[in-house]
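Hello,

Here is the structure you asked about. Please open it first, then read the notes below it.

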Amino acid sequence: MQGDRERCLEAGMDGYLSKPIDRFELYVAVEGTPGKAGEMAPAESELFDRAALLDRLDGDTNLLEQILAVFLADCPARLAAVDAAMTTRHAAGLADAAHALKGAALNLSANRLADVAGALESAGHRGDLDAAPALVASLHREVTLLMELLA
Amino acid sequence: MTAPLRVLVADDDRTTTMILAAALQRWNCEVTVAADGAAAWEFLTTRRPGMAILDWMMPSVDGPTLCRQIREHEDLAGMYVLLLTSRGSRADLVAGLDAGADDYLTKPVDREELRARVHVGMRVATLQTRLQERVGELQAALEQVTRLEGLLPICSYCKNIRSEGDTWQQMEQYIAEHSDAEFSHSICPTCYERVKLDFESGG
């Protein structure tokens with residue numbers, strides 16, 4: 001619950017997790033929010049696991065390029081949906097928009113982006129709009145890194 | 001070679017539909033993609049595919065709702081339905097199966113799992129199609145049987161049969177009209193002897 005987080009942090013805890021444990025929240029709590037400013041550039045395979053995707057496509061490199069192109073084309077609209085939900089402070093909308101981005105990222109084997117989107121989706125489901133802005137900022141950074149890598 | 005199985009893939013995420021469609025086409029399926037629930041329903045009711053892979057969360061009509069509509073629809077009730085979900089929870093899976101899904105797939109879809117589950121679906125869909133064909137054949141045969149069934153008034157002398165509207169028909173004409181039987185004309189040995197005698201006696 002919202003009040004619990006503040007009380008825990010005030011009492012000197014470093015982090016806060018609500019039960020049942022959500023793997024995306026756990027990831028953020030332990031590893032810190034991925035894509036924090038000033039962090040070292042992540043390895044390419046962390047951003048996008050090309051080998052895993054190609055394996056899932058039965059080695060079809062042509063199809064792989066088509067899927068990357070579609071992902072890149074759809075990404076701005078998906079981010080805009082996240083931003084719109086954030087602006088209107090619509091928690092369920094935020095969860096849905098983050099969910100859509102997570103699904104596409106998982107398909108691509110863009111694992112860091114999927115983790116951040118998953119954490120944001122969980123925050124949306126919990127109605128935790130205080131945790132959301134930092135995750136939305138991370139999401140933007142992850143998408144930028146990925147788009148630079150794939151462009 | 002059997003005819004390719006028609007499959008509908010419905011998901012608003014284009015990367016998902018591309019991955020699924022490519023795999024299904026490799027397995028000789030005829031794939032159609034729908035980007036939302038309403039378009040999916042339109043295709044399901046007009047083209048009646050043998051299998052449908054439906055995303056759980058879709059604009060306009062979601063996967064579980066589509067499942068229920070399929071099961072309530074007389075002509076679609078036998079369709080093989082796979083629900084696509086990225087929600088791993090037990091309660092969701094149970095809700096999906098209760099809504100009428102035959103099976104489910106978790107996103108991102110694992111290639112081997114997809115192959116295995118889709119082939120189960122293809123087997124069931126093919127059996128379902130054959131079963132429907134057989135039922136159709138049996139129904140047609142049954143209709144023929146009932147048409148020739150019952151009490152037929154026949155003349156004891158010329159063997160004509162009284163037909164509808166109180167007219168009398170030759171037996172061969174009557175049977176030809178009321179069944180798939182056809183006649184090829186010949187002569188039996190007894191009649192042959194009689195005809196021969198008639199000839200010889202100059203008749």
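Which residues of the largest nonpolar core touch the most other members? They are A:Phe71, A:Leu94, A:Leu108, A:Leu113, A:Leu120, A:Leu139 and A:Leu146, in a core of 45 residues. A nonpolar core is a set of buried Ala, Val, Leu, Ile, Met, Phe, Trp, Tyr and Cys residues joined through side-chain atoms within 4.5 Å. Buried means under 20% relative accessible area (1.4 Å probe, protein chains only).

This is a predicted model: local features need pLDDT of at least 70, side-chain atom pairs count only at pLDDT 80 or more, and totals for chains, interfaces and linings use all residues. Residues are numbered from 1 along each chain as its sequence is written, chains are lettered from A and ligands numbered from 1 in the order written, and side-chain values use heavy atoms, without hydrogens and water.

Helices (H or I, at least four residues) and strands (E, at least two) are DSSP runs, numbered from the N terminus. H5(A) gives the most, 12 residues. A second, separate core has 21 residues, including B:Trp27.

In chain B, 6 of the 6 residues of strand S4 (residues 80-85) are buried. S4(B) pairs in the parallel sense with strand S3 (residues 51-55) of chain B over 5 bridges (pairing needs at least two DSSP bridges). B:Leu83 in S4(B) stands opposite B:Leu54, and also opposite B:Tyr104 in S5(B).

Regards

Notes:
Buried < 20%, exposed > 50% of the residue type's maximum accessible area, 1.4 Å probe, protein only.
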